[in-house]
Amino acid sequence: MEKLIYLDNAATTKTAPEVLEAMLPYFTENYGNPSSVYGFASKNKNMVNCQREIIADALGAKPEEIYFTAGGSEADNWALKAAAEAYEGKGNHIITTKIEHHAILHTGEYLEKRGFKVTYLDVDEDGMVSLEELKKAIRPETILISVMYANNEIGTIEPVKEIGEIAHERGILFHTDAVQAFGQVPIHVDECHIDMLSASGHKLNGPKGIGFLYIRKGVKIRSFIHGGAQERKRRAGTENVPGIIGLGAAVSRAVRTMEERTAKEKELRDYLIDRVLEEIPYCRLNGHRTKRLPNNANFSFQFIEGESLLIRLDMKGICGSSGSACTSGSLDPSHVLLAIGLPHETAHGSLRLTLGEDTVKEDIDYVVEALKEIVAGLREMSPLYEDFIKKN
Amino acid sequence: MYSEKVMDHFEHPRNVGEIENASGVGTVGNAKCGDIMRIYLDIDENQIIRDVKFKTFGCGAAVATSSMATELVKGKTIKEAMQVTNKAVMEALDGLPPVKVHCSLLAEEAIHAALWDYAEKHDIKIEGLKKPKSDIHEDEEEEEY
């Protein structure tokens, strides 16, 4: 096999062999519908509930507060739309941030079209939400605050506990999109006063197509998928049993390995950041230097464009991602990079590298050497670099 | 996503560089959209393009179209170079994904901008050539670290 250094673990992760192994019997042997009466199938209901317990334990929640979904985007959609509807009588104002995932931002826009008012908070140059700004944005009619636990592009970890306290004191629901953070950092829903939390299986070495929404007991929330009585009548549809088994196995594994894994990732991440900043001129780190996900590094290289960089890295067997327009499918670079104040051309030249549990120091060394060569080569070709050199 | 030809021109771009005392230089695109192309032309007294170089800030398609465009105009007369349209560049590359078609427009514009510069310097008129519209620094202030 050709060399493959996978540093795009924020996009998705490899399903761990033990996770896959746990799932397999639920396709071909234990395939019964958990809602059926006979023992062959109904024991799958117990298995599903066991996974609910594992996940609840990981968050300090109760099993009946975990609702399985088809992934993070569904959980985000559900939290916002259904909470907005359920609390419409109380108010029509929602507060979120400019750096949320599109699953939140586009849902916010959808709700705006249906008469809700949405405030999108600015962030500082590190991507951090200001608690003062948040307090100022709160109105008597505010019903929901949704702030991501950690940003998927730049890795910044938000002051979730403080935000939760502010929301709690004022009786406002607090939702957090923890798709990138869950399994990477310890999360406790009570300590942080989290009322709803979205997470996804494939970001933590689990399968794709499965996730969950944590909904605190007592929170009024409408059913999102109407139909059968699954998920306490709030999310109909036959349970994705293999997916749920895989999610449970992945969560239990992530909790077990978290301390050691993230310590190792942090060390390698810092090694990567230090080397890149030191050895490649005219580049910067995006996101907070320390309050960031253990596996996330995000750089901007001046005078070059991200897609070109990604293709050249790919030629060397390195997988990363960029916030350039060409990779976003629109003409604008990443909304997150613009929100932290980067000028367009610097945002176009961004590179996100997200480490995984298999990443080793040799990979980082190889990547840094490749980056040095590629960045220099692309700059040689760049009219912006030519102008910069001539001016200085 | 890209054809083999696009990848070949991206991986091994032809005619990258600058020409000192070029007969004409044209820069188009802007940093805001993430694409800037600069074309240098060396044109002799018989109005033949003896040499051409380019520099591009942009995606894979932008680099490949610049490279292909320089190949298509090299050794040609100005009149022939005027026939090198974005369609011709795209065809020579075996096509581009729909979202990247604007890159080929940029390559055509860059050649026209360089020819315009040449025409202005030499006080001549090139039939069918219009004044280039874009300026690379109109939207952004350069930022340094």
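What percentage of the 392 residues of chain A count as buried? In this predicted model, 52% of the residues of chain A count as buried.

Chain A is built from 14 helices and 12 strands, and its C-alpha trace spans about 75 × 55 × 35 Å along the principal axes. The radius of gyration of chain A is 22 Å, which agrees with the value near 21 Å that a compact globule of 392 residues would have. Among the contacts in chain A between residues at least 6 apart in sequence, 71% join residues at least 24 apart.

The domain assignment divides chain A into domain 1 (5–11 + 257–391) and domain 2 (17–254), and the C-alpha centres of these two domains lie 29 Å apart. Where they touch, domain 1 of chain A contributes 22 residues and domain 2 of chain A contributes 22 residues. On the side of domain 1 that touches domain 2, at least two residues each come from helix 8 (241–279), strand 10 (296–301) and helix 11 (335–339) of chain A.

Chain A also meets chain B, in a contact that takes 25 residues from chain A and 24 residues from chain B. The side of chain B that touches chain A draws at least two residues from each of helix 1 (4–11), strand 2 (35–43), strand 3 (49–57) and helix 2 (60–73) of chain B, and strand 3 of chain B gives the most, with three residues.

Key. Residues numbered from 1 in each chain as written. Chains lettered and ligands numbered in written order. Predicted model: local features only at pLDDT ≥ 70, side-chain atom pairs only at ≥ 80, totals over all residues. Contact = placed C-beta atoms within 7 Å. Helix = DSSP H or I, 4+ residues; strand = E, 2+ residues; numbered from the N terminus. Domains from an automatic or database assignment. Rg over C-alpha atoms; globule rule 2.2 N^0.38 Å. Buried ≥ 20, exposed ≤ 12 C-beta atoms within 10 Å, placed from the backbone.
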